[in-house]
Each structure stands twice: as structure tokens, then as C-alpha cells.
Amino acid sequence: MAKRTFSTLETFLIFLLVMMTAITVALLSLLFITSGTIENHKDSGDHGFPTTQSTPAMQGHITTQVSPGTCTPEPPLFQNFSGYYIGVGRADCTGQVADINLMGYGKSGQNARGILTRLYSRAFIMAEPTGSNRVVFVSVDIGMVSQRLRLEVLNRLQSKYGSLYRRDNVILSGTHTHSGPAGYFQYTIFVIASEGFSNRTFEYMVTGIVQSIEIAHANMKPGKIFINKGDVDGVQINRSPTSYLKNPQSERARYSSNTDKEMVLLKMVDLNGDDMGLISWFAIHPVSMNNSNHLVNNDNMGYASYLFEQEKNRGYLPGQGPYVAAFASSNLGDVSPNILGPRCLNTGESCENANSTCPIGGPSMCIAKGPGQDMFDSTQIIGRTIYQRAKELYASASQEVTGPLSSAHQWVNMTDVTVWLNSTHTAKTCKPALGYSFAAGTIDGVGGLNITQGKTEGDPFWDTIRDQILGKPSEEIKECHKPKPVLLHTGELSKPHPWHPDIVDVQIITLGSLAITAIPGELTTMSGRRLREAVQAEFASYGMKDMTVVISGLCNVYSHYITTYEEYQAQRYEAASTIYGPHTLSAYIQLFRSLAKAIATDTVANMSSGPEPPFFKQLIIPLIPNIEDKPPIGRNFGDVLQPLKPKYRVGEVAEIIFVGANPKNSAENWPHQTFLTVEKYENTTAAWQIMYNDASWETRFYWHKGLLGRSNATIEWHIPDTAQPGIYRIRYFGHNRKMEILKPVVILPFEGTSSIFEVVTT
């Protein structure tokens with residue numbers, strides 16, 4: 001190979017990166033007390049918070065689901081019915097909405113600056129009439145479930161309920177919104193992407209997840225579950241179609257589409273036929289909100305939940321009411337909602353090619369867009385279509401789910417699984433590594449290094465940078481991952497903690513003829529089909545015929561993507577992010593078949609639990625410090641800076657600006673009910689009634705950070721056509737941080753109220 005000559009720009013970049021490395025090392029020396037310290041997950045650590053006063057103005061205005069006491073008694077069981085004992089619960093798990101990265105795109109600078117919708121944990125408990133067996137499924141409005149999050153949730157459940165809720169019968173699944181806060185991980189690659197570990201957000205999420213399970217536990221009653229299936233059209237494209245075409249033609253010929261269009265839905269009712277909740281699984285990436293977004297929200301699948309819950313909980317504000325609707329993730333790895341497809345931003349031409357690149361501008365110009373006028377519109381169009389199809393399936397669901405409940409779980413060292421390719425040949429999984437195309441990003445959100453997808457060779461420039469900063473990858477890891485050119489050899493990096501998990505969860509729960517497989521990552525379309533088929537065949541071979549196998553994605557621990565062996569050869573983004581090497585899918589199929597066999601043969605008790613995962617201490621703290629909030633001279637927190645107009649028509653936007661404080665202060669005490677309310681004056685009662693809050697899709701809360709602790713808060717109400725004419729006001733609820741020398745930090749509530757204004761229809 002000819003010796004490469006570096007350009008002036010590249011030389012400058014090398015110098016800049018070396019300087020950044022030196023600064024980073026210095027910062028890490030200050031940030032870390034120790035490195036490599038681990039403890040068993042039974043030790044939850046110290047998670048104390050400053051006490052935050054509740055806002056008196058909020059008390060009595062917002063109702064929530066009934067919350068159990070500190071010691072919830074076991075609900076009485078009724079054994080003389082057919083069906084299941086069912087409990088549903090929902091709780092807020094939003095966390096920080098400012099001064100934290102959003103998790104999903106990995107884009108530097110895409111930090112939270114407000115809120116479009118709240119994030120929720122939705123829990124469903126199903127128990128046999130005798131109470132002998134039970135299972136729990138939780139769908140959480142976050143990017144993915146981290147191992148640390150799951151371990152802490154299980155630890156707290158064990159402290160409260162003993163052995164009732166365990167690692168084998170509790171599934172935690174992330175919806176995969178890319179607009180939720182980061183900062184709740186323990187492995188270094190994710191901590192770096194999060195720009196530190198946020199104990200504030202981690203605690204808020206853990207508390208919300210546990211609370212949703214507690215509510216479901218307290219609300220359990222006899223009921224029935226019905227299952228239905230049906231296709232959802234017009235909301236998906238395969239974002240790596242050239243990779244999909246690498247799969248055998250004979251296999252592809254069995255399917256009518258390069259995405260899975262089928263939605264599987266569970267309808268839950270009590271013995272009177274009254275609605276309780278639903279769980280649906282459908283394969284779509286919640287990336288209708290693109291990487292220019294800075295508002296925390298639950299994206300397209302969250303909007304489907306929002307619509308269904310609003311319909312069933314009439315008279316309640318969003319996030320309230322007894323009915324719970326979860327739209328959970330599935331094998332979404334290569335599935336995009338941006339159905340207009342990839343086009344070059346500068347020319348408008350299609351860039352649907354193996355490298356997702358444009359003739360002018362390269363890969364950074366190749367972006368897919370949704371069907372709407374903007375990302376908000378696209379989110380609602382996709383979410384509404386999913387909701388409408390779910391509504392149809394829900395109404396026609398008539399096949400009852402019956403039979404025993406079972407669960408099986410193992411921890412597995414995914415870096416050392418021997419895979420049987422056939423009766424005579426084996427292969428091995430690899431230590432984790434990310435390929436070059438990982439840095440390319442996808443057509444839903446491109447990377448920042450101008451690297452193209454489909455790279456099967458490295459680059460001497462970036463290899464040199466990596467080798468200088470992180471050291472060289474071993475020949476063993478490079479050979480194991482071929483044809484992936486290794487960009488980051490994360491499985492060989494252990495400072496300050498391991499960069500990727502070695503130990504992952506594999507888990508199946510069954511409800512009669514339904515099996516839910518908890519996948520610790522993102523399966524592509526064909527990967528999901530193969531795994532479903534293999535698990536179904538395994539059940540059938542041991543007498544459990546006609547099982548419906550559901551892929552539940554982003555469960556329990558995050559390990560990136562899982563492509564087929566053939567797709568892996570193309571080395572697009574999904575393959576480059578298949579961190580355990582080309583035989584990852586085969587390993588998972590083997591492991592899940594073992595779980596299915598154990599359930600079918602009633603030998604789960606004989607299975608090894610596997611190597612227990614670590615729970616790290618002394619993680620990197622957030623790089624953004626906590627500073628005192630300060631109002632402008634002569635102003636107070638909550639004062640109006642830009643007032644509303646006296647009159648608005650439906651369809652217009654009412655916008656008001658207040659003297660604000662950092663919204664992350666409000667995440668220090670769970671739950672923070674809302675940052676805003678839109679209230680209507682009722683003449684009949686001479687009182688203000690809350691019509692919208694910050695969980696409503698009609699409202700937006702923007703936080704604008706200034707200097708020296710000063711900030712503003714902008715509230716928008718996009719007045720819908722359904723708004724009732726009358727007199728309104730907008731209120732703002734926040735918390736400011738007060739810091740005085742030699743005194744403890746105090747978090748103080750405040751509020752602001754607009755002048756009244758009128759809404760008219762014409």
C-alpha cells in the first residue's frame with residue numbers, strides 16, 4: 001500500500017484530537033475516584049436526593065392512578081373463574097428534560113431543551129387464578145433498557161415483594177424513542193454517548209418503572225386476554241434494502257415484504273367485559289422525530305399510546321385514568337417510518353444505494369423523511385395510522401388466550417458462545433466491536449464523520465487516531481469480526497469500566513399459546529423471522545403446537561443490533577453494530593431454543609442461571625455542572641417576559657415567555673406532575689379547569705439557557721379545532737436551585753400565570 005500523505009485539514013484534525021485526548025484524560029482523572037470497582041447488583045448504592053417541596057398550586061388539580069402504600073398486601077385471589085388475574089399500571093418516568101443528551105442518534109449537541117410529551121412506564125401483570133405463576137411485561141418510553149436499570153428495578157422489587165417478581169418473570173422493554181434522556185447506563189460506550197451518568201434521571205426512571213408495577217400489582221383483578229393479528233400498511237420502509245437482498249432468494253420469496261407488517265395485539269378486559277388495557281408489538285423505529293429535535297417525547301409509538309389512552313380514558317388528562325395502552329417494540333432493526341425514502345437534500349434525487357451516499361455532498365446529504373410537512377406532523381401521521389389499525393384489531397379480537405404461565409431466563413456470556421452451524425461444524429461469537437459503518441449512521445440520522453455505510457475496509461487515518469488514543473485492536477478480534485473492519489474494539493477496552501456488556505439476558509415468558517421473547521437488542525426483519533420460526537419449531541417439537549411467538553425488542557440490556565449472517569457481509573450500519581460478530585443471530589437462536597425447550601419440557605428449574613452481570617460504581621458524572629438559578633435584576637422566577645395576546649382563534653398558536661429556571665431541578669423529586677397547564681374558566685363553577693398539560697400533544701415547553709444561571713421558558717399551545725371557546729390562562733410550574741456558601745442546596749418551587757385570554761372559533 002502506498003504511503004498516505006495527510007492533507008493540512010487532516011493534520012489539523014490529528015492535532016486537535018490529540019489535544020482533546022489530553023484534556024479528556026485530565027478530566028477523567030478528576031472525575032474518577034476509582035476505576036474498575038464493581039459490586040454485586042444486590043447493592044443498589046446510595047441514591048439520595050435533596051428534598052423538594054411540592055407545588056401547592058398543583059395539589060388537587062391533577063389526579064393519578066391509585067398508588068399503593070409502602071407495604072402493598074397481596075391482593076386476594078379468586079380461583080373460581082377461567083382466565084387470568086390481570087393488573088395494569090402506568091407511571092411517569094420522564095427524567096431530565098434539560099442539560100442531558102437525548103438517547104438514540106448519538107449526535108453531539110442534541111441535548112434536551114424542553115418537553116413535547118411525558119414518558120411513561122406501562123406495566124402489565126398476569127397471574128394464574130391460583131396465583132401459583134405470574135409474569136410481568138413492562139413497556140417503557142425510553143430508548144432502550146439498560147442493564148443497570150433492570151438490575152436496580154429487580155433489586156427494589158425483591159426488597160418489597162420478596163421472590164414474587166424475579167429476573168425470570170419480569171420483562172422490561174424500551175419503546176426505542178430517540179427523544180428520551182440518556183444518562184442511565186453503566187457501560188462506557190453509552191456513558192460517553194450520554195456525556196456522563198445522570199443519577200437524577202436514573203432514579204426518576206427506576207422509580208417510575210417500579211411504581212407502574214406497584215400500581216398494576218395493587219389493581220389486579222380477574223379478567224380475560226384476547227389476541228389478534230393484522231397487517232399495518234403505509235408506515236414502514238426497509239432502510240437497508242440492499243442488505244436484505246443478501247438473504248437467500250428462496251427465503252425472501254416466502255414473504256411479501258422486506259419489513260414485518262404484522263401487529264400482534266393483546267386485549268385485556270375484566271370479567272364484566274370492561275376494558276383494562278392492551279399490549280401490541282409492531283416493528284418500526286420511533287425516529288419520526290429527527291436528530292434536529294430537542295424536545296423530550298415518545299415519538300410515533302408513543303403517539304399511538306396517547307391516542308388509545310385518551311379515547312379510553314375520556315375526561316382524564318394525558319397520562320391519567322385507569323386504561324393502559326402499550327405499543328411495544330419488535331424486530332425494528334432495519335425498519336424506518338420515514339416512508340418517503342432517502343433523498344439527497346441538495347438535489348432531491350434518490351440515494352437508495354448500497355452506500356447511502358449522494359454524488360455531491362456524500363453520505364451527509366442522504367436523508368429519509370416522513371410523510372408529513374415536518375417531524376411533528378410525520379410523527380402524528382405514522383402514530384395515528386398505527387393507532388387506527390390497533391383500534392380495529394382490538395374491536396375484533398375474539399381468540400382468547402388460555403393456559404398456564406411460564407418463564408425462563410439465563411444470563412449468558414455472549415463473547416464466548418459456541419454456535420453449532422450443523423452437526424459437524426461450529427463457530428464462535430466474538431468480543432464486542434463496532435465497525436466503520438457504525439460511525440456512518442443511517443438514513444434516519446447520519447453520522448458526523450462523512451463515513452459511508454457498507455465499508456468492508458478500514459481507513460489508515462482513523463485507524464491511526466484510534467491506535468494512538470485507545471490502542472490497537474488485537475488480531476484475534478479483527479479476525480473474528482471479518483468482514484467487519486473494526487473501528488472500536490470495545491470488547492478489549494475496560495477503562496474506566498468495560499465499554500460493552502459481555503453478559504446479556506435471554507428470556508421467554510409464555511401465556512398459554514403465546515411466547516414473548518425478550519431480545520436484548522435490535523433484530524432486523526429477517527433476523528426476527530428466523531428467530532421466531534426457530535423458537536416456534538422448538539416448542540412444537542416438544543408438544544407445544546401452534547405457538548404464537550412475539551419478538552419484544554430492546555429488553556433488559558442493550559447490545560446494539562443483530563443481523564443475519566448474510567446481511568452481516570454487506571456491513572451497513574446494522575451489521576457494523578452487530579457487536580458479537582457474524583454468528584450473533586445463530587447464537588441467539590440457539591439460546592432461545594434452549595429456553596423454549598426448558599419451558600416445553602418443564603425443566604426450567606434445572607437450568608443454570610448463568611454468570612451474574614456486574615453493577616459498577618463511580619461512573620463518570622455529567623460534564624454539565626449544577627449551578628444556581630438566577631432571575632434578571634428586578635424580576636422573579638415565573639414573571640411574564642412576553643405576554644399573550646388577548647384573543648386567539650382555533651388553529652393559532654398561543655405563545656408566552658416566562659422567567660425560568662433549569663427544568664432538571666424538577667426531576668430531583670418524583671413525580672413532577674407538569675411544567676405547564678392550559679386552564680379554562682368555567683362560569684358554572686366559577687373555577688379554573690385544567691384542559692391540557694405538558695403530556696398533551698397540543699403543548700410544547702421550550703427552555704432557553706442563558707448565562708450566569710439565567711434562563712427563559714417558552715410555552716406554546718397549538719390551539720386545536722376541538723378547543724372549546726371561552727376564557728383561558730396558561731400556568732408555568734418550575735423549580736429553582738438556590739446555593740449559598742456553607743449551606744445545603746435547596747430546590748424551591750415557583751409558578752407563573754399568564755393574563756387571561758379568549759379563544760374563539762371564528
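Let me start with helices H2 and H4. Helix H2 covers residues 147-161 and helix H4 covers residues 199-218; their axes come within 10 Å and cross at roughly 45°. Axes here are lines fitted to C-alpha atoms, for helices over the stretch in contact, and angles run from 0 to 180 degrees between N-to-C directions. That angle makes H2 oblique to H4, where under 35 degrees would count as roughly parallel, over 145 as roughly antiparallel, 65 to 115 as roughly perpendicular, and the rest as oblique. On the H2 side the contact includes Leu149, Val153 and Leu157, and on the H4 side it includes Val206, Ile209 and Ile213; contact means heavy atoms within 4.5 Å. The residues of this contact divide into ten nonpolar, two polar and six charged.

A word on the source. This is a predicted model, in which local features need pLDDT of at least 70 and side-chain atom pairs count only at pLDDT 80 or more, while totals for chains, interfaces and linings use all residues. Residues are numbered from 1 along each chain as its sequence is written, and side-chain values use heavy atoms, with hydrogens and water left out.

Next, H7 and H8. Their axes are 7 Å apart and they pack at an angle of about 50°, and H7 and H8 are therefore oblique to each other. Among the residues that meet are Tyr303, Leu307 and Phe308 in H7, and Ile382, Ile386 and Tyr387 in H8. The contact of H7 with H8 has ten nonpolar, four polar and five charged residues.

Which elements each supply at least two residues of the lining of the second largest pocket? They are helix H7 (299-312), helix H8 (375-396) and strand E35 (687-693). The second largest pocket has a volume of about 1,000 Å³. It is lined by 35 residues, and Tyr306, Gln310, Met691, Tyr692 and Glu698 lie nearest its centre. On a 1 Å grid over the protein atoms alone, a pocket is an open set of points with protein on both sides within 12 Å along at least five of seven lines, a cavity is a set where a 1.4 Å probe fits but cannot get out, and lining residues have an atom within 4 Å of a point.

The structure holds six cavities of 30 Å³ or more. The largest cavity has a volume of about 100 Å³, and its 16 lining residues include Tyr120, Tyr306 and Glu309. H7 gives the most to that lining, with four residues.

Key. Points joined across faces, edges and corners; volume = space filled by probe spheres on them. Nonpolar A, V, L, I, M, F, W, Y, C, P; charged D, E, K, R; others polar.
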